[in-house]
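Okay, hi everyone, thanks for making time.

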Amino acid sequence: MDKLIKALCTLAKDNAHVSMLSRTHGQPASPTTLGKEMSVFAVRLSRERQAISQVEIMGKFAGAVGNYPQFCLFYAGYAKIWCSRTLRETKGAYEGKDGFEWQQVHLYQPCVINLINKKTPSFRTPTSLYHHQQQQRFSNACFQISRRESVLKKVVKMSKDDSREYELSSLTALSPLDGRYWGKVKDLAPYMSEYGLIYFRVLVEIKWLLKLSQIPEVTEVPNFSEEAQSFLQGLIDGFSMDDALEVKNIEKVTNHDVKAVEYFLKQKCQSQPEIAKVLEFFHFACTSEDINNLAHALMLKEAINNVMFPVMDKLIKALCTLAKDNAHVSMLSRTHGQPASPTTLGKEMSVFAVRLSRERQAISQVEIMGKFAEFVTSLGLSFNPYVTQIETHDYMATLFYAFIRFNNILIDFDRDLWGYISLAYFKQITKAGEIGSSTMPHKVNPIDFENSEGNLGKANEDLSFLSMKLPISRWQRDLTDSTVLRNMGGGLGHSLLAYKSALQGIGKLQVNEARLSDDLNHAWEVLAEPIQTVMRRYGVPEPYEKLKELTRGKTVNNESIREFILGLELPEEAKANLLKLTPHSYVGAAVELARNVDAAVNLVNGKKEMIGSVSFRFVVSFKCDPSVTWKGSAVFRSLLLELVIAN
Ligand SMILES: O=C(O)C[C@H](Nc1ncnc2c1ncn2[C@@H]1O[C@H](COP(=O)(O)O)[C@@H](O)[C@H]1O)C(=O)O
């Protein structure tokens, strides 16, 4: 940053006197000098650079709960001081009689800041710090600080002087996708890496030459013999990492990445006599973007079909299984986080399966487009004739937004699962040797769902940036898309990692039916809703108000509900039906919805029924065949029948 600001200062000073037309609104306006305009940027940047250097980089070490009571157990004296420090800091009062000890802990933070800023440590401390009796401890603290500083200097030195140790590896990669998580996302590498881009450029250039050889008017490129064709196909099929490195070496000279591919192919084909005669027809009548847009389209198409969809489908199927296996497991709903009309665990899972399958279908329906005449369709892409020098990238925005919607639904799922695990509705299968918390040995944390949620956030940030940026290009083109498109692998990579983590989490789940049931047993108030509906049906006055009086803020149980129902002026049959209701059985069509989830999800491009038709089928089957068993909801069924008749 400093180098950049200095370069701007030089530019400003060297051109201080060079007069220049201003252009407010892009129109001629009162003149300035080139140097002055540069100086404006130098000063603006230096202000912000200073602001960055002044941000207090903070740390936490030891807290009021957990750490503090642990100290209380054995080091009560120190714990007392600790506590007074915490309280004092909270109040913002630094003067006090309790001396240096608490301040010493407090001093840790400025030490960190000053080490990072490479300044001499200076302490924001109360005057009491300098009392004679505290002086010794202060110098001890300084000693420790200077030791830490020397460690830090060593680290800085290593990174500057010993760069060989920091060659790219799984430990030095700046992106966790390329380091820590490589094993989980590497399937994307053949498509989404620079290797993948070069491979698809090679493929497009070769296919274009082949296409030219088939166009009768292009007499300069005659039909290739079988041998020549298979030679060219062999360059695609046998494309290796060494080939890609060769292209990169050529690029070092050309400083043009697409031209490097053309030169690579010309070199490779010199040995094939037929093709050697038409080398100049590689990249014939093309701009780089003619090759690039098709390469990018193929990268996306192949990566999504071969890597993303299989994992997305596995995830949706896992949710369907979870839905069907638990179709009948009643569960308390929690609208607004409060006990509400029950559902089943399976039904809640089926909602996610269906929502995800809809977005997965939307992704599969996005037309992946290319510019470059009808040659595009021969590559299995859609032709977009209305373009500038570049394909407009609008389909990419549509595609990435579709992924964002899929990912958002999965975030919703991850958070719900986090909550259900917290409520102990699920246990997680543990593995010998694995650790939940570094300090609280009892814990089994929902780390897979947390990892999934975190990566989905990152994925969506990347994908939304791509969607916002890519459709914008000045006039007939600017090159900003070139570098941005190199990041498509990030958005898809974080998505893929998140899908795999969610799958891993689902694989560890064990439903805790006892806990789910226990919750329902303590929530008889949720029956207030159906009872008041039946009361309305039979004209009992003020039904809602009576139930409110019985239930709101009160402890309601089996007995009090029973007593209430018995006291109602209702036909005996209606009463009997209501008496059969329990929080477990009042689950409506939840069981049926969950059982039919396979019909509702749509993994194959719109060929299966959508959820709307499934609901319709329920109504039809309900009317035609009242013997359909809605396990646990027979009473609700008769209640529903009453309502249907009443309407
Ligand atoms: O066919 C052409 O080249 C037409 C040309 N426009 C370009 N179209 C596509 N690529 C171009 C263009 N210009 C440069 N480059 C090369 O793109 C590379 C950009 O590198 P990076 O920013 O790292 O993605 C980097 O290798 C650049 O050399 C035009 O003048 O309109």
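Let's begin at the ligand: one of its oxygen atoms sits 2.7 Å from a polar backbone atom of Ser-288. That's a polar contact, meaning a pair of N or O atoms within 3.5 Å. Before I go on, this is a predicted model, where local features need pLDDT of at least 70, side-chain atom pairs count only at pLDDT 80 or more, and totals for chains, interfaces and linings use all residues. Residues are numbered from 1 along each chain as its sequence is written, and side-chain values use heavy atoms, with hydrogens and water left out.

Back to the ligand. Asp-257 also uses its backbone, with an N or O atom 2.9 Å from a ligand oxygen. Arg-477 brings in its side chain instead, and a polar atom there is 3.0 Å from a ligand nitrogen. Who else is around the ligand? The list includes Asn-255, His-256, Thr-287, Gln-389 and Arg-486; being near means having a heavy atom within 4 Å.

Now the hairpins. Strands here are DSSP runs of at least two residues, helices are H or I runs of at least four, and both are numbered from the N terminus. Strand E1, residues 19-24, runs antiparallel to strand E2, residues 27-33, with 5 bridges joining them; pairing takes at least two DSSP bridges. Thr-24 faces Gln-27 in E2. There are 2 residues between E1 and E2, and His-25 in that turn has a positive phi of about 55°.

Then there's E3, residues 330-335, with E4, residues 338-344: antiparallel, over 5 bridges. Arg-334 has Pro-339 in E4 as its bridge partner. This hairpin has 2 residues between its strands, and His-336 takes a positive phi near 60°.

Last up, two helices. How do H17 and H18 cross? The axes of H17 (residues 394-422) and H18 (residues 447-469) come within 9 Å and cross at roughly 160°; axes are lines fitted to C-alpha atoms over the stretch in contact, with angles from 0 to 180 degrees between N-to-C directions. So H17 is roughly antiparallel to H18, a label for angles over 145 degrees. That's me done, thanks!

Definitions and conventions: Parallel < 35°, antiparallel > 145°, perpendicular 65-115°, else oblique. Polar contact = N/O pair within 3.5 Å; in protein donor to acceptor, adjacent residues only side chain to side chain.
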